[in-house]
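Subject: Structure for you to look at

Hello,

Here is the structure I promised to pass on. Please open it and keep it beside this email as you read.

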Amino acid sequence: MEGIIPLWKPKGMTSHDCVFKLRKILKMKRIGHTGTLDPDVTGVLPICLGRATKVAEYITDAGKAYEGEVTLGFSTTTEDRSGEMVETKIITEEFTRNQILTVLDELTGTITQTPPMYSAVKVNGKRLYEYARKGIEVERPSRKVNIYSIELLDDRETFTGETISFRFRVSCGKGTYIRTLAVMIGEKLGLPAHMSDLSRIQSASFTVSDCLTLAEIEEKAENGTIEEALYPLETGLSDLPKYEINDTLAMKVKNGAVLETPEEFLTIAGPILVSDENGRALAIYMNHPEKHGLIKPAKVLRNE
């Protein structure tokens with residue numbers, strides 16, 4: 001069995017928990033997820049089965065969209081509601097809609113984030129959360145991430161209260177921490193803040209409407225209809241530029257041959273999907289690191 005199942009990840013489970021449960025349900029070991037979602041976060045989690053695990057990293061690197069809630073008035077150790085309270089500030093001022101929209105606009109585009117201590121980023125060979133659990137603070141590497149859009153999902157004209165919460169929708173590139181984005185919104189408003197709710201509504205081309213729950217997957221596995229629910233691995237690569245080749249060249253690609261870069265791909269720095277005339281994904285190619293004008297396989301997907 002091979003393909004992609006877009007899972008609706010429930011609250012209270014890690015992404016690894018979901019993979020562990022699916023291995024039992026589907027009675028197969030070769031299963032992988034496509035980007036960690038925190039236990040408190042629900043949402044779209046594409047699961048790769050069999051040969052489709054080869055494309056998991058490309059789904060992980062594709063764009064994501066989230067709907068969440070930021071709460072102003074106190075911050076937490078984990079930057080979300082599961083952490084211990086760190087700083088509090090009773091809000092005495094009134095914020096206008098335009099003030100909130102201005103902050104969201106300022107955080108749209110390429111921004112610099114510092115990953116939270118409770119995250120899976122590695123520093124000196126250890127995950128940051130391993131240091132955090134021992135109470136050790138280490139220097140964290142900042143990185144640039146892309147925020148394509150942030151939309152305020154609240155129709156109020158004024159925002160008041162000892163704490164203030166409002167919902168938002170964000171579309172972003174890989175590596176973005178929405179928890180940290182919530183904290184940054186608070187910083188720009190001069191207040192401690194945290195992310196009080198979050199759900200991923202899109203991962204690569206997969207959306208909420210594509211997803212199945214664990215219970216639905218188990219039911220399909222039991223009645224023998226699970227393969228009808230699988231998306232082909234090509235679906236997970238739909239964001240990549242596509243180079244379609246003939247059968248003669250396809251044989252070379254299956255054997256890992258280096259190819260001349262087609263003219264239309266000369267300016268592309270990232271991965272290229274090489275497909276046969278029937279649209280079957282054969283390999284992922286990258287620019288040759290040493291030879292200009294050539295591309296070499298990063299991953300051969302099919303060699304039969």
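Why does Asp154 count as buried? Its relative accessibility is 14%, and buried means under 20%, so Asp154 falls in that class. Keep in mind that this is a predicted model.

Now find Asp154 itself. It sits in the loop between strand 11 (143-152) and strand 12 (158-159). Its side chain makes a polar contact with the side chain of Arg156, at 2.8 Å. Setting aside neighbours within four places in sequence, Asp154 is in contact with Arg97, Phe159, Ser165, Phe166 and Arg167.

Phe166 leads on to the nonpolar cores. The largest nonpolar core has 51 residues. Phe166 is among those with the most contacts inside this core, along with Leu26, Leu72, Val170 and Ile217. Look at Leu72 next. Beyond its neighbours within four places in sequence, Leu72 is in contact with Ile91, Thr163, Ile164, Phe166, Gly186, Leu189, Leu191, Pro192 and Ala193. Another core, of 19 residues, lies apart from the largest one. Its members include Cys48, Ala204, Leu237 and Ile284.

Next, the strands. Strand 19 (residues 281-287) and strand 20 run antiparallel, and five bridges join them. Tyr285 has Pro297 in strand 20 as its bridge partner.

Last, go to Val253. Where is it? Val253 lies in helix 7 (residues 247-254). Its relative accessible area is 0%, so Val253 is buried. Which residues does Val253 touch, not counting those up to four places away in sequence? They are Ile245, Leu259, Val274, Leu282, Ala283, Tyr285 and Val300. Arg51 is 202 residues from Val253 along the chain, and their C-alpha atoms are separated by 17 Å.

Best wishes

Definitions and conventions
Residues are numbered from 1 along each chain as its sequence is written. This is a predicted model: local features need pLDDT of at least 70, side-chain atom pairs count only at pLDDT 80 or more; totals for chains, interfaces and linings use all residues. Side-chain values use heavy atoms; hydrogens and water are left out. Two strands pair if DSSP finds at least two bridges between them. Helices (H or I, at least four residues) and strands (E, at least two) are DSSP runs, numbered from the N terminus. Buried means under 20% relative accessible area, exposed over 50%, partly exposed in between (1.4 Å probe, protein chains only). A polar contact is a pair of N or O atoms within 3.5 Å; within protein, one must be able to donate a hydrogen and the other to accept it, and residues adjacent in sequence count only if both atoms are side-chain atoms. Contact means heavy atoms within 4.5 Å. A nonpolar core is a set of buried Ala, Val, Leu, Ile, Met, Phe, Trp, Tyr and Cys residues joined through side-chain atoms within 4.5 Å.
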